Each structure stands twice: as structure tokens, then as C-alpha cells.
Amino acid sequence: MKRKRAVKDDQTTTGKTVKDNDKTMKSTKVKEVYSSAKYWDDRYISGGNHSWYYEYEDLKPLLDDIVGITDTIVEIGCGDAPLLTGMAKSRNEEEYQIVDNSMKYGRLIGVDFSKTIIDTLNKEKMNLDLIHSVNNSLTYVHMDARDLSEIFPLSTNDTVDSSDIDEGIVDVVIDKGTMDAMLCGNNDNYDSDKEQEEQEEEEGFANVREMLSEVLRITKKTSSYMLISHMQFDSDAFQEALHESIMPVLEDPKWRNRRWELEVHTHESEDNDDEDNDDERPAVYIFRSRPRRFTRLSDIKGKGTSLTVTVKEH
């Protein structure tokens, strides 16, 4: 069974709409386009705002539920419409400002592998009129989400199969379309043999596993990973991603000191029978990590990972 694409063929995963007559898209496989930093640099240089998932205000109620003003937040694959900008502006408002001198704002770190957009975001930050402490907490870093060791160095225990593995320092990781991009290695519009399609699909799953392994490495035991995706919870695309990429990472023995809860936020489609309904709004997945207490020897020796799922329709 072919996996339904997580992203529409005429859209890119950081918000850029690709025109039907775009020669690049016609002559280059989608996987090559999405995985090329140069491609994104060129697209961002062309200008415009490319957000087509959600704006900060759309997600603010959900973010307020998992984010505190002293929390450290990382947005991976932030693109040119990062949610962190809205979060910084919120911290600028009086109700969110810290008055206790013993406290300080948590860091807001945006990560993207396009150097062009990172340079642009850091320049634009100077025009946000943020108070000094908020401005200092916000930064954008040129980096691949599959390797965050430059800002979050590897620990000597990171490769040890132990429940005592060092805990990260990040409270929340936000992913607005980055997983979707990584999973779009297969494009049905191009002729390719079955073996090549399967290889490209597995490469997509492997990329997501690498990224999620980094997410778990840098986060605290009590933390959250927010995924905004065009993959709906009951779709083949999400279920395959869940079983091929997400659960293998959550079940890695390194992370058996955590238990997991998944909160799914969806919007009822006007036409539930149309799988390709372009009006279907992205789903929001909040993976909550909590410390796990071992009560039996078998729990310690085995994986014992389970995922409690709650679906909320809006």
C-alpha cells in the first residue's frame, strides 16, 4: 500500500506555495527539493510570508497549556514564520513579564537548516521592539534538526543503555511541518520502481527517527513535543509514521525512564469522505513525557513503553 503524502504536491512544508508551472518542481523529485538547504535558501530569497499551517494566535491556547515563561523552547525547522516570534511578543506584554529578579525568561531557540532564513530572522528580531530580557532570550540558529549537538552538546552518557541517562534542559519542542517534510520522500507523480519508492520511504522514516532521537535527548523527563501536521490521526500516513518512526524512538531502552501521553487536536472536516480535502486543517499532536516509576523488575528489564492517547475534536 502506498503511503498518502503528508503534504500536498503544490505546497512546501515550511509554508511556501509552489506554483503549478514551477520548473524546479517539475524537473526535480520532491524529496530532493525538500531535503536541499539550497532550495530553501533560494525560496526564502524570493520573499513573501509562507505560513500555511497555523499562526501563533491560533495555537496560543494550546501553547499556554504546555509553556511557561521560564521554560526553554526549541522550534525545529522554524522556517520564515516561526511561532517563537509570537511567543516573544507575548512575553513582552505586561501580564507575562517577570517581576521576580530571581527568575529569568527561558530561552526561545529557532532552528532551521536554511542559513538564509536564519540570518533574516536574527535581523528581523531587532525590529520587534522587545524588552531587553526577552530580546536576549530569543535566538535563531543555523542547524539540522537531526543533529542539535552544537547548541546541546552530547553527554558522555547519551549512548549508554541506562535509565540513568542524563536529562536534557529543554521543556518544549515545537515541530510545525518538519516531520511532514521529512516523510515526503516518495512522490507519486514521478516514475520509479517499487524498490526505489520503498527505499525513499524508509529514508523518510529514518530521518524522523533521527530527529525524534535528538528531541528526546535534549528534553527534560517532564516535557512536551508539539507536532503540527497535515497528517490526520486516522490517516494511513500518520499511523505509518507512528509505527515506523515515532514508537521505535519512544520504545528505545534509553528512554524507558519516561512514560508518554498523546493529546490529539483535530478539526472535523466538512467532507469526511474526501481524503484529499484541501480545506482539512492540520492536526496538532502534543506528546507529553513524564518520569516513569519502576515498580517491577520486569519493567526495568523490558521496554514497557505505552502511549495513552486522547483525541479532542474542535
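Which residues in α9 meet E240, A241, E244, S245, I246, P248, V249 and L250 in α10? They are E201, F205, V208, R209, L212, S213 and L216, where contact means heavy atoms within 4.5 Å.

## About the model

This is a predicted model, in which local features need pLDDT of at least 70 and side-chain atom pairs count only at pLDDT 80 or more, while totals for chains, interfaces and linings use all residues. Residues are numbered from 1 along each chain as its sequence is written, and side-chain values use heavy atoms, with hydrogens and water left out.

## The helix pair

Let's stay with the two helices from the opening question. Helix α9 covers residues 194-218 and helix α10 covers residues 236-250; helices are DSSP runs (H or I, at least four residues) and strands likewise (E, at least two), numbered from the N terminus. Their axes come within 9 Å and cross at roughly 35°. Axes here are lines fitted to C-alpha atoms, for helices over the stretch in contact, with angles from 0 to 180 degrees between N-to-C directions.

By class, the contact of α9 with α10 has nine nonpolar, two polar and four charged residues. Ala, Val, Leu, Ile, Met, Phe, Trp, Tyr, Cys and Pro count as nonpolar, Asp, Glu, Lys and Arg as charged, and the others, Gly among them, as polar.

Also in α9 is E214, which counts as buried because its relative accessibility is 9%. Buried means under 20% relative accessible area, exposed over 50% and partly exposed in between (1.4 Å probe, protein chains only). Leaving aside neighbours within four places in sequence, E214 is in contact with A145, R146, D147, L148 and S149.

## The sheet

Eight strands form an open sheet in the order β3-β2-β1-β4-β5-β7-β6-β8, with mixed pairing; two strands pair if DSSP finds at least two bridges between them. At the edges are β3 (138-142) and β8 (307-313), each pairing on one side only. Strands β2 and β3 run parallel, joined by five bridges, and D112 has H142 in β3 as its bridge partner.

Helix α4 (residues 56-66) lies across β4, β5, β6 and β7, running at about 0° to β7. Helix α10 lies across β5, β6, β7 and β8, at about 140° to β8.

## The nonpolar cores

The largest nonpolar core has 40 residues, and V74, M179 and Y225 have the most contacts inside it. Such a core is a set of buried Ala, Val, Leu, Ile, Met, Phe, Trp, Tyr and Cys residues joined through side-chain atoms within 4.5 Å. Helix α10 gives the largest share, eight residues. A second, separate core of 29 residues includes I66, L83, V134 and Y140.
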